Amino acid sequence: MSWGPLASSHASAHQTLGMEVCRRQGRLVVTRFEVTPHVLPRGHEQVFTAPMLWNPQEQWMQAEDLKALGQMPFHREKTRRRLELWREYLQWKEKLVKEQQIKVPYLAWSWVDTHRLVFFIKGPVPGPRGLVGQELGATPPEEKEDTGVVDPARKSRRRSADAVALGEVEKVGPLSTYNTPALQRWEGVRKDNAPQGQLILLLDEDVAERLQQKEGLIPEQGVLVSSLGGDLAPLLNQRQAIQRLQNSQGFCPRLADFLFTATSASVPTAPAPEWVALPGTRALNQGQVEAVTKALAAPDLCLIQGPPGTGKTTVIAELCLRVTAEGGRVLVASQTNLAVDNALSRLADRPNIRRLRLGNADKVDEDFKDFLAEHVVDRWFATIAEACTERIDETDRLESAQVRTRQGLEQLRHSLKDHEASHAAWTRLEERLTEARHSQGAAYRQVQRAQEQRDATHHHAELLRSLQAWADGSGGPPTVPETFSLPELDELVREVRADLSPEDPVRTRGGLQLLDAVGSRDGTLEPLRRLMAEGRRLCEEGVPGAAQDELTALRAQRDRLARSEDEAETLQLPALNRRIKQLQGEEWAGFTKQLDLLALRCWGAPIPLCVQHLTDALRPNVQLLQQLDALERLIAHTEAACARSQQARRTLSSVLGTRSGEAVARAEEAVRALRTAEVARGHLQAESKGLRDDQRARQQEVDAARERWSEAWRALHPAMDPPPPVPSSTAFEAAAQQVRTAQQAAAPHLLRRKQWHEVQHEWRERLGQASDSDRDQLQSLYVRHANVVGMTCNEAGKKQHFQAPDFRPFDMVIIDEVSKATPTELIMPMMLGRKVVLVGDHRQLPPMFREREASFAEAQAEGGIEPAIFRKYQRLVTASLFQELFEAAPPELRAMLWVQYRMHPQVMDAVNEFYGGRLQPGASPGDANPRQTLDRQRQHHLRIPDDHGGLFLEPHQHLLWVDSSKDARDRPHWEEQRGTSKVNRLEVELVMATLRRLNDALLERGYGQCVELRVEPPDAGMPLRDFVRYRLARPHEATLDDLFAEKRIRIQGRSRKPEDSVQRGDLVNVDARRQIGVITFYGAQLKALREAIDRKRSELDALEVRANTVDRFQGMERPIIIASLVRSARGNLGEFVRQFQRINVGFSRAQELLVIVGAADTFKRALIELPPLEQAGAQVAPEQKAVYERILGIATRAGGRRHARQVLS
């Protein structure tokens, strides 16, 4: 025996206790022991763990040995102390239940409406307090013997656990007249025991639904019982569980070690094996794989934290499959029936999975009752029959596949022959088409040359006509290309250029430009000669008349002033010089101006040099006569050239007339040649088109043959390689060889299947003909060998389970939603197996200390409960054991799930405020954009207008905050106090207005009331989805998807798949209402909401509205959630809305749309205490965060903030 501070395993012990033992009276008794240094176990030794009971009363040891043994450390001391506190709490609660329990006998009962029952009671109502607000349940009446004395044994067997939980007392008083019809139905009861009053119960919605679906749950006569702390039976079971744990009577040997100390749990020593997915199971994400791997590897304890929607149930189902695949048994337990049923339903129907549901059948949903003991054999038979059918069908499919393979191989052969023939024809056409392309190319080139020749001759003729027109003087000079050559024109140009003066600027011009420039000078030569005469006169005679006299006088005066020494006279010289120049230049300036204009007109720019000298002179003089002579010679040359040019144009006109006629004839010949070439090209084009059409037809035959080849190739066997792009004999031989090899390999397997074929047929038939006795025998066998058992934690504490003679411990116990359970509730299932897996989320609601909000507060006020005891046990109960264990557990024993699949990403963003932003959107494995995929999967498809021309809701908005700070007239609105609770009437109006808008929008999408549809003969055999679509006036496809996903369409009361066929006479129940949850934090607000919803329920025919407190909604989910926050106050907020777990649970129930109705002005200043996600070592103080303000910001950024004036008309 090893012990020490870390004596959780042999390897970590500090010392070893050697013992001498003997067996006496069925026990292993220690007669002597000796403390020795710790040594590792030897090859012939075995290491095991077992509790040691020290009984000093039995003297099997020496006194000194007993004394030394008593001084050894007790490593379970912490567990003992903690359990002692829980034992005290259970005793206190049991006493409280007995003292405060109220019993009200009733003589009859009746429905008031869909959510209320009236009970007729006799005599005064017993109990220390009034009944209004208390929760009651109904039990059968007390049974008495003839003596009138109650049988104690029978009374002890009738326990409060048999009570049917109903709801809270709404009213107690005298009989009302509206209950007269109900009283008449119990006339016989009234004669003997006339009721003295009535008691009206307001039912929880799930209770009302269950009572309406199943009759006989409430006894016709009985007792209404009320318990402040709960039933006695669970308390007794929990106390017995503590005693069994301390006596080591459980099957988890080290449970007492790690129950409150996760560090004492054993850590796996071997590395985890490589993950291999089980065939036929859904793919897991990386976090789920890690969680399953750690749970399988853990020796005795593993903890899995899973925030809302992260697939905890999927992990549980995977663990069940893997443990049962190894021959093990699994217990799935939880605080709620719904969690157990969901886990069992996730396990696919497999013959090796034998599911069993233990517990009260009335609390099991209709869809899950197949797992109850009285129905499991039929379900198992159906599962086995389906497996037989699958194997029979598989054998038939294999035989058909072999036939299809042979046929496919023959089709492959024919398609290869067709392809070869078609491809050969195509090849011949391709050769002819290639020749045609060459001929067509030559024809195209011939046409191109003919076109070029036609264009060239036409252009040449046009050019000759233009030249002739110019030569005749009827047109301007045309543009002559450099390649144009006319010898006569060149000779004439040379003669004209020879007559020109060397100084003539146009000598450098060529061709037509020279002749045209010289010929155009004829009109300017005569004016130049007259101007020359005037210039000679000016140079020879000077300035004429009076101007000459004035000039002489001015020159004499200038000479005198130049000799004067008078400064004033000297200053007159500049003006005198200007006047002299003026007189000299006026006449000459007029001459030079006319000369410049005539020279430019005649010779162009630049003007001849002699003209430049004359125009540059300021006044005439005799030296300029030489320039005039040069000008005279230039004019003479120009006159001769002009005459020569005119003669040349007449000569050229005659030559061009002859040449133009010849060019026209050549142009006409070119046109005729072009037409001939185009005709030849047309014939070749037609021939090529015909060849291409033939080739396209052959190509289609080739493609069709290839397609038949590919289809035949793929039909041979799905595992074959992809078909080669081009059929070939080599590929065909390879395919044929592959088919022969596959058929040879499958032949033995098919032979074995055919040998069992008839047996399976007979087995399937016999399963459908099993007798009742066969079923009874198989039921007991099935129950005894069930390998996946589901029950609640309280059910696990009943003795009939673990004290049964044939009870075998489970290899793994999985407890879901463990955060809501207390340690005494957890140990009841934990002791039934060898390994424990705890699955929960300590950031959701902890265990509840009370079922109702005001009960304990009222009891304290009346002195029924001491405040100190109340606070002590409240802290004890509401502390989360899962959180304590998870934060202390080593990494090898804990896993966290962060990928969520439930909420739309916008809703997830709001909930992520409680998880440090670590939640991630989930989709199928390998999805590149899971957020976008989840957005598409969680669409509500609603577009709802408001009453002011805007939109209340758009399809892209999935998070709304309806601000209740002010009413419809923008006046501040405050909450109201109702006893110990609170109510907000404005938020009730806003919730109802939101429900009305949602109802109208959902009606447009095909949602509606509950209907029953009988399948008529013409509709028999139709797929269920098509049948519903046809009978419901064609709702939206997304609406049908929702109805099937939420199991709102049933046949004979059972949910079915969309592809299942309907049969004649089937009764199809379609609940086409959209599920909406209305959540609040206060009982008074819940009552106000329920009353408002009940008044308008007939108008909300497209909705199934379930209103409840956040505590009752944990573990549920709804497509649409409306959360009423209630508080609108100037001071601090209440404890309820400051507990982040409550907010987290309330908001995370929504799948597609979350509508928060709350006073933004109040909640923006509210701070929430958020502890860190993971605590290592020392405790870290919670962080104060403005969570509501951040969530309001998320809604505002998405355009989802609304005010009361926008919602209310």
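A charge is taken to sit over a ring if NZ of Lys or CZ of Arg is within 6 Å of the ring centre and within 35 degrees of the ring normal. The exercises below concern a predicted model.

**Exercise 1. Charges over rings**

Identify the ring over which the charged end of Arg 322 sits, and that over which the charged end of Arg 997 sits.

*Solution.* 
Step 1. For Arg 322, the ring is that of Trp 275, and the charged end is 3.8 Å from its centre.
Step 2. For Arg 997, the ring belongs to Phe 952, with a distance of 5.6 Å from the ring centre.
Step 3. The distance limit is 6 Å; the value of 3.8 Å for Arg 322 and the value of 5.6 Å for Arg 997 can each be set against it.

**Exercise 2. Confidence**

Determine where in the protein chain confidence is lowest and where it is highest.

*Solution.* 
Step 1. Begin with the chain average: the pLDDT is 80, and 83% of the residues score at least 70.
Step 2. Confidence is lowest in helix H3 (residues 152–157), at a mean of 38, whereas strand S21 (residues 959–963) has the highest, at 96.
Step 3. Over residues 144–161 the pLDDT stays under 50, with 23 contacts beyond four places in sequence.
Step 4. Where pLDDT is low, predicted coordinates should not be read in detail.

**Exercise 3. An open sheet and a helix across it**

Give the strand order of the open sheet of seven strands, and list the buried residues of helix H11.

*Solution.* 
Step 1. The order is S12-S13-S11-S14-S15-S10-S16, and the pairing is parallel.
Step 2. Strand S12 (355–357) and strand S16 (894–896) are the edge strands, each pairing on one side only.
Step 3. On average, neighbouring strands of the sheet are turned by 15° against each other, direction ignored.
Step 4. Val 332 has Ile 814 in S14 as its bridge partner.
Step 5. Helix H11 (residues 337–345) lies across S11, S12, strand S13 (788–792) and S14, and runs at about 165° to S12.
Step 6. The buried residues of H11 are Ala 339, Val 340, Asp 341, Ala 343 and Leu 344. They pack against helix H10 (312–325) as well as S11, S12, S13 and S14.

**Exercise 4. Aromatic pairs**

Describe the geometry of the pair formed by Tyr 106 and Phe 119, and then that of the pair formed by Trp 898 and Tyr 915.

*Solution.* 
Step 1. A search of the whole structure finds eleven aromatic pairs.
Step 2. Tyr 106 and Phe 119 are edge-to-face, at 4.9 Å centre to centre with 75° between the planes. Tyr 106 lies in strand S4 (residues 102–113) and Phe 119 in strand S5 (residues 116–121), 13 residues apart.
Step 3. Tyr 106 is classed as buried because its relative accessible area is 2%; Phe 119, at 0% relative accessibility, is also buried.
Step 4. Trp 898 and Tyr 915 are likewise edge-to-face, at 6.3 Å centre to centre with 75° between the planes. Trp 898 is in the loop between S16 and strand S17 (899–900), and Tyr 915 is in the loop between helix H29 (905–911) and strand S18 (920–921), 17 residues apart.
Step 5. Trp 898 counts as buried at 12% relative accessibility, as does Tyr 915 at 0%.
Step 6. One aromatic cluster is formed by Trp 86, Tyr 89, Trp 92 and Tyr 873.

**Exercise 5. A contact across the sequence**

State how many residues apart in sequence Phe 251 and Met 831 are, and give their distance in space.

*Solution.* 
Step 1. Phe 251 is in the loop between helix H7 (232–246) and helix H8 (255–258).
Step 2. Phe 251 and Met 831 are 580 residues apart in sequence and 5.4 Å apart in space, C-alpha to C-alpha.
Step 3. Not counting residues up to four places away in sequence, Phe 251 touches Phe 807, Pro 809, Met 831, Leu 832, Gly 833 and Arg 834.
Step 4. Phe 251 counts as partly exposed because its relative accessibility is 30%.

Key: Residues numbered from 1 in each chain as written. Predicted model: local features only at pLDDT ≥ 70, side-chain atom pairs only at ≥ 80, totals over all residues. Heavy atoms only, no water. Pairing = 2+ DSSP bridges. Helix = DSSP H or I, 4+ residues; strand = E, 2+ residues; numbered from the N terminus. Axes fitted to C-alpha atoms, helices over the stretch in contact; angles between N-to-C directions. Contact = heavy atoms within 4.5 Å. Buried < 20%, exposed > 50% of the residue type's maximum accessible area, 1.4 Å probe, protein only. Phe/Tyr/Trp six-rings, centres within 6.5 Å; stacked < 30°, edge-to-face > 60°. pLDDT = per-residue confidence, 0-100.
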